[in-house]
Every structure is written in structure tokens, then in C-alpha cells.
Amino acid sequence: MLEKLVTSVIIDDILGNFFVSVPPGHIACIYDRGRGVLKKVHKPGLHLKIPFWQKKKLFNTQIQEYPIKKGFDIAKEDAVGDRSIVALTVDDRPVSVEGTILFRIDAECASSLWENIGDDYVKKIIRPITRSRIRMIISTYTNLEICSKQDEIEIAIERELEPIFQKKSLILEDVLLSNISSASEEEMHNRIEE
């Protein structure tokens, strides 16, 4: 009985290395030890690969949330999001910006994303670019305009982020601001540490 179990586990492990199973809402990229990251992207379904010579990487192509909110813990490695962004208005008033960025990976360009940026694209692309562009847009409005022109600010941020994300194999779906308020002392301290 034990021999049959061990044999089935070994066969399953070996045969499992021949196939790449891609679930719905995902794609797979293949790293070939001889040719590097292959350009072909595998869509949902079952695909063949060379065991031990090729490695797969699954990417989620569904819409993902990048929340920007007070109290978000960016110390967690797998955390997708950011704490509230502190920006200065044109009249030098510090404001705290909260909201959500909706994005997804461009399925056709995922191999380029993996090869050029790696797994931590949130830390390398989304977080610094989002912080920078939101601060830049906020700095063009007065403190009074911030409250009354939220729709306009969302559109301006989207216009800034969209082409940058596109160059990096990401698709920006939407920018949704939920709150813009006066920044607290703690938020100002966090901004200095960034």
C-alpha cells in the first residue's frame, strides 16, 4: 500500500512538471534556462512545458485594488496598497489623500513585466509613481479648490498615471479618491520618512 502511494506521488510530481495549469483570470509566463523569459503568454487552460528546464510564473490579470488609506501597513511584503499620501497644496497647506487605484496587468505584456521588473512591481512601480503623481497634481490646487474639484483631480491623476502604467505593462482602470482632508502631525512625520 505504501509503495503504491509513494509511486503515485512520484509519478504525479514528475507528470505535473510537464504541464502548466492556468486558472481563469490568470496567465502564465515561462522562464527557460536557455532562452530566458519566453515572450509567449499562456492563457487559461493546460499547457506543456519542459520539466526542470522551464519554470512557470502565474500572474493575476483581474482588476486589482491598490488602496491608499490611513493606517495601512506598508511593512508587510505582500501588501498591495499604501498609507494616506500627504501633499502640499499650491498655498502650502498639507493635505492627506485617500482613495483607491484600480489596475490590472496587461496580459499581452506580462512576460516583459516579469523580465524587466520582477514580482514586486507594486513596490517598484505603483507605489512610487502613484505617490509622486498625486503629490504633483495636488500641488496645482489651492486648499479651497481641493474640496470642490475632486472629480477634476481624479481625472488629472488618471491622465498622469495612465501612460506611465502602460509603459510598464500595467493597465490603469480607474482612480477613485475617497477623502482629502487636512494632514495630521503623524502623517506629516510619515511623509518625512518616505
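# Close-up views of a predicted protein model

**View 1. The whole chain at a glance.** The protein's secondary structure comes to six helices and ten strands; helices (H or I, at least four residues) and strands (E, at least two) are DSSP runs, numbered from the N terminus. This is a predicted model, in which local features need pLDDT of at least 70 and side-chain atom pairs count only at pLDDT 80 or more, while totals for chains, interfaces and linings use all residues. Residues are numbered from 1 along each chain as its sequence is written, and side-chain values use heavy atoms, with hydrogens and water left out. Of the 194 residues in the protein, 40% are buried; here buried means under 20% relative accessible area, exposed means over 50%, and partly exposed lies in between (1.4 Å probe, protein chains only). The protein exposes about 11,400 Å², and carbon and sulfur atoms supply 54% of it; accessible areas come from the Shrake-Rupley method with a 1.4 Å probe, and for residues only the protein chains shown count as cover. Among contacts in the protein with a separation of 6 or more, 69% are between residues 24 or more positions apart, where contact means heavy atoms within 4.5 Å.

**View 2. Helix 3 and its buried residue T130.** Helix 3 covers residues 121-138, and its 18 residues should span 26 Å at 1.5 Å a residue; the end C-alpha atoms are 24 Å apart, which agrees. That expected span is 1.5 Å times one less than the number of residues in the helix. The buried residues of helix 3 include Y121, I125, I129 and R135. An α-helix has 3.6 residues a turn, so residues three or four places apart point the same way. Take a closer look at T130, which lies in helix 3 and is buried, with a relative accessible area of 1%. Leaving aside residues up to four places away in sequence, T130 touches Y66, I68, I85, I101, L161 and F165.

**View 3. Strand 9 and its pairing partners.** Strand 9 is mostly covered, with ten of its twelve residues buried. Strand 6 (residues 64-69) pairs with strand 9 in the antiparallel sense over five bridges, and P67 stands opposite T100 in strand 9. Two strands count as paired if DSSP finds at least two bridges between them. Strand 10 is another antiparallel partner of strand 9, joined over eleven bridges; here L102 has D174 in strand 10 as its bridge partner. Strands of a sheet pair through backbone hydrogen bonds, either parallel or antiparallel.

**View 4. The hairpin of strands 8 and 9.** Strand 8 and strand 9 form a hairpin with five residues between them, and four bridges join these antiparallel strands. One of the pairs is L88 with its bridge partner P94 in strand 9. D92 is found in the loop between strand 8 (85-88) and strand 9 (94-105). Although D92 is not a glycine, it has a positive phi of about 60°. At 60% relative accessibility, D92 counts as exposed.

**View 5. S169, a buried residue with a positive phi.** Look for S169 in the loop between helix 5 (150-167) and strand 10 (170-182). S169 has a positive phi of about 70° and is not a glycine. With 5% relative accessibility, S169 counts as buried.

View 6. The strands run in the order 3-2-5, and their pairing is antiparallel. Strand 3 (36-37) and strand 5 (54-60) are the edge strands, each pairing on one side only. Seven bridges join strand 2 (residues 26-32) to strand 5, and I27 has F59 in strand 5 as its bridge partner.

**View 7. P23 beside P44.** P23 sits in the loop between strand 1 and strand 2 and, at 33% relative accessibility, counts as partly exposed. P23 and P44 are 21 residues apart along the chain, yet their C-alpha atoms are separated by 5.3 Å. Residues up to four places away in sequence aside, P23 touches P44 and L58.

**View 8. A nonpolar patch on the surface.** F18, F19, L46 and L48 form this patch, with about 410 Å² of accessible area together. Patches are made of residues with over 30% relative accessible area and no salt bridge, with like charges joined within 9 Å and nonpolar side chains (Val, Leu, Ile, Met, Phe, Trp, Tyr) within 5 Å. A salt bridge is a side-chain nitrogen of Lys or Arg within 4 Å of a carboxyl oxygen of Asp or Glu. F18 lies in the loop between helix 1 (2-16) and strand 1 (19-22), and is partly exposed, with a relative accessible area of 33%.
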